[in-house]
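Q: I would like to work through a few features of a protein model and learn how to read each one. Could we take them in turn?

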Amino acid sequence: MPTSKDLPLLLAFGAHPDDIEFGCGGIIARETRAGRPVHFVVCSRGEAGSHGTPKLRTAETKRAARLLGATVDFVTLDGDAHLEVKAAHAIKLAAIIRRLRPGTVLAPSLEQNQHPDHYRLGQLVRDASRLARYGGLKELKPRPAHAIGQLFFYAVTPEAEPAGLQPVLIDISPPEIVAAWTAAMEAHASQLKTRNYVELQVARARVHGLRAGVAYAQPLFPNDPLVFGSLASITAAARRF
Ligand SMILES: [Zn+2]
């Protein structure tokens, strides 16, 4: 049985306090229960939201991360609803990647029909993942360069799932995983006043799961082709031929 020391860090970036939980919280629960260390970096405190104060949303975020078994930090960029894609931000996020040295990085998808901070952060994280391994960047010295293993995008909402791209589906069916994920979403109580977003996300995971022949699944979209040692290690696909 591998211990957390054997499993490289999973680093997830969110533009707002609840993005990671809503977009891929079931996957996070699955990974932490497998003993993998997971860290969240949240790039605003939701200060432009219609409900909840930054203080309340910070507390909700910490509680949600704890329920998922993850740790969390906040980083200040331009603030909620003001995020711009600029080199200084990518370098700042690259410095975080160099410090934490993750194996896998998660970021919001690049689809534009969603909150503008989401796809802009997705671009910034993709750029940061590249800059983290460039040896000559003076702002990133003295920390050694770091090459992540994979970058995956998650979709905060159904509309944020990239059209025409086949996702990697992660099976999150065990009831304790769905329960931990649901509790983490419900921890963002200030955001659940207008719509039942928890039910929306669980229903989306149910549809992905049914498609894949399991109870619940969440999609991730790889930034690059995935590489396997042999076809034999790919044991399942969503289609039933
Ligand atoms: Zn958001």
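**Reading a patch, a helix and some salt bridges**

A: The model is predicted. Start with Ile234, which lies in the segment after strand S7 (217-222).

Q: Is Ile234 buried, partly exposed or exposed?
A: The class is read from relative accessible area: buried is under 20% and exposed is over 50%, with partly exposed in between. Ile234 has 41% relative accessibility and therefore counts as partly exposed.

Q: Which residues make the nonpolar surface patch?
A: Ile234 is one of them; the others are Leu226, Phe228 and Leu231, and the patch covers about 410 Å².

Q: How should I read the positions of buried residues along a helix?
A: An α-helix has 3.6 residues a turn, so residues three or four places apart point the same way. In H2 the buried residues are Arg57, Thr58, Glu60, Thr61, Ala64, Ala65 and Leu68. Viewed down the axis of H2, these fall within an arc of 165°, so they line one face of the helix. The face turned away from that buried side carries the exposed residues Lys55 and Arg66.

Q: What follows H2?
A: Gly69 does, and its phi is positive, near 80°.

Q: How many salt bridges are there?
A: A salt bridge needs a side-chain nitrogen of Lys or Arg within 4 Å of a carboxyl oxygen of Asp or Glu. By this rule there are four. One of them pairs Arg57 with Asp18, the closest N and O atoms being 3.6 Å apart. Arg57 lies in helix H2 and Asp18 in the loop between strand S1 (10-14) and H1, so the pair ties together parts that are 39 residues apart in sequence. Both residues, Arg57 and Asp18, are buried.

Q: Where do Glu161 and Arg204 lie?
A: These two form a salt bridge, with the closest N and O atoms 2.6 Å apart. Glu161 is in the loop between strand S5 (150-154) and strand S6 (168-171), and Arg204 is in helix H6 (residues 197-212), so the pair ties together parts that are 43 residues apart in sequence. Glu161 and Arg204 are both buried.

Note on methods. Residues are numbered from 1 along each chain as its sequence is written. This is a predicted model: local features need pLDDT of at least 70, side-chain atom pairs count only at pLDDT 80 or more; totals for chains, interfaces and linings use all residues. Side-chain values use heavy atoms; hydrogens and water are left out. Buried means under 20% relative accessible area, exposed over 50%, partly exposed in between (1.4 Å probe, protein chains only). Helices (H or I, at least four residues) and strands (E, at least two) are DSSP runs, numbered from the N terminus. The arc is that of the directions from the helix axis to the C-beta atoms. Patches are made of residues with over 30% relative accessible area and no salt bridge: like charges are joined within 9 Å, nonpolar side chains (Val, Leu, Ile, Met, Phe, Trp, Tyr) within 5 Å. Accessible areas come from the Shrake-Rupley method with a 1.4 Å probe; for residues, only the protein chains shown count as cover.
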